[in-house]
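Below is a short note on the packing and surface of this chain.

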Amino acid sequence: MSSQNPDPLERALEMLLLPVVRLALKRGLAFGRFSEMLKRAYVAAARRDFTVPGRKLSLSRVAVLTGMTRKEASRLMKDDPDRDLGKRMIRQVNRAARVVSAWVEDPDYQDVRGAPASLPFESGSGPSLSTLVAEYGADVGARAVLDELIRVGAVGERGDGRLYLIERAYIPSADEGQKLDMLGTDVADLVASIEHNLDPESEAPFFQRKVSYDRLPVAYLPLLRERLSKHGQSLLEELNADMAAHDLDTRPDEASEEGSKQARAMIGIYYYEESRNDDDE
């Protein structure tokens with residue numbers, strides 16, 4: 001398929017991936033790890049949704065479905081299929097993170113107490129940030145690594161120009177765990193809902209609506225956000241009360257009935273805005 005004329009699915013997926021990749025770059029997730037995660041997602045989807053009834057999913061079928069080599073498919077299939085995909089995704093340690101880790105662990109970059117030593121950016125002899133990056137930063141320049149470490153608050157600079165480690169781990173954004181959990185669950189549910197509605201075999205479509213205008217005055221946006229906050233919260237609270245009244249955790253008699261079927265349902269409301277120029281299409 002020509003990159004100048006992608007099919008609708010490719011075009012849609014590229015639009016979907018842009019904010020995902022932007023988030024990955026902001027949080028220091030390297031391409032190599034992202035690529036590995038995508039491969040694992042392919043295998044997990046093949047395992048969960050594309051098995052032939054009554055037959056075990058074979059290596060050949062996974063290779064055919066995913067387009068991977070049998071060797072690569074075999075490697076990925078050795079993972080425990082019952083483990084949660086998100087928990088199996090170990091974040092790729094990017095160049096900056098490897099530099100921080102080495103600064104903490106390598107004796108050549110520690111002081112007499114065994115703590116990370118203060119380092120000059122460059123040195124004619126002896127350890128420096130430049131030598132540290134050269135050893136552990138792969139093909140990334142020392143200045144680029146330093147700029148990133150200063151940006152995230154991991155490194156500081158003393159009056160004499162020597163650099164010291166503030167954080168013993170590379171954490172692009174502190175206290176972000178819960179927000180990232182929401183990313184994994186909320187966005188996955190939204191995409192799954194749209195995928196359900198695109199499936200011609202779906203018996204009933206899920207509710208999926210939005211309103212969008214592209215020439216709103218910026219001065220109106222605070223009022224719009226305020227109205228959404230008020231009415232959206234009111235609607236969610238109403239729906240929450242109704243769902244809670246039917247939740248089996250609050251109705252143990254029904255929950256204990258043999259053969260009682262259970263399901264998970266999610267309702268979300270989201271808002272987004274971006275600036276535009278007069279010449280934007």
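1. Leu129 touches Val99, Trp103, Leu119, Pro120, Phe121, Ala142, Leu146 and Leu163, leaving aside residues up to four places away in sequence (contact: heavy atoms within 4.5 Å). The model is predicted, with local features needing pLDDT of at least 70 and side-chain atom pairs pLDDT 80 or more, while totals for chains, interfaces and linings use all residues. Numbering runs from 1 along each chain as its sequence is written, and side-chain values use heavy atoms, without hydrogens or water.

2. Leu129 is also one of the residues that touch the most other members of the largest nonpolar core, which has 23 residues; Val99, Trp103, Leu132, Leu149, Val155 and Tyr170 are the others. Such a core joins buried Ala, Val, Leu, Ile, Met, Phe, Trp, Tyr and Cys residues through side-chain atoms within 4.5 Å. Two or more residues each come from α6 (95-105), α7 (129-136), α8 (142-151) and β2 (163-165). Helix α6 supplies the largest share, seven residues. Helices (H or I, at least four residues) and strands (E, at least two) are DSSP runs, numbered from the N terminus.

3. A second, separate core has eight residues, among them Val43, Ala46, Val62 and Met68.

4. Thr66 belongs to helix α3 (residues 59-66). With a relative accessible area of 15%, Thr66 is buried (under 20%; exposed is over 50%, partly exposed in between; 1.4 Å probe, protein chains only). Its side chain reaches the backbone nitrogen of Met68 at 3.2 Å.

5. Val187, in helix α9, is partly exposed at 34% relative accessible area.

Terms used: A polar contact is a pair of N or O atoms within 3.5 Å; within protein, one must be able to donate a hydrogen and the other to accept it, and residues adjacent in sequence count only if both atoms are side-chain atoms.
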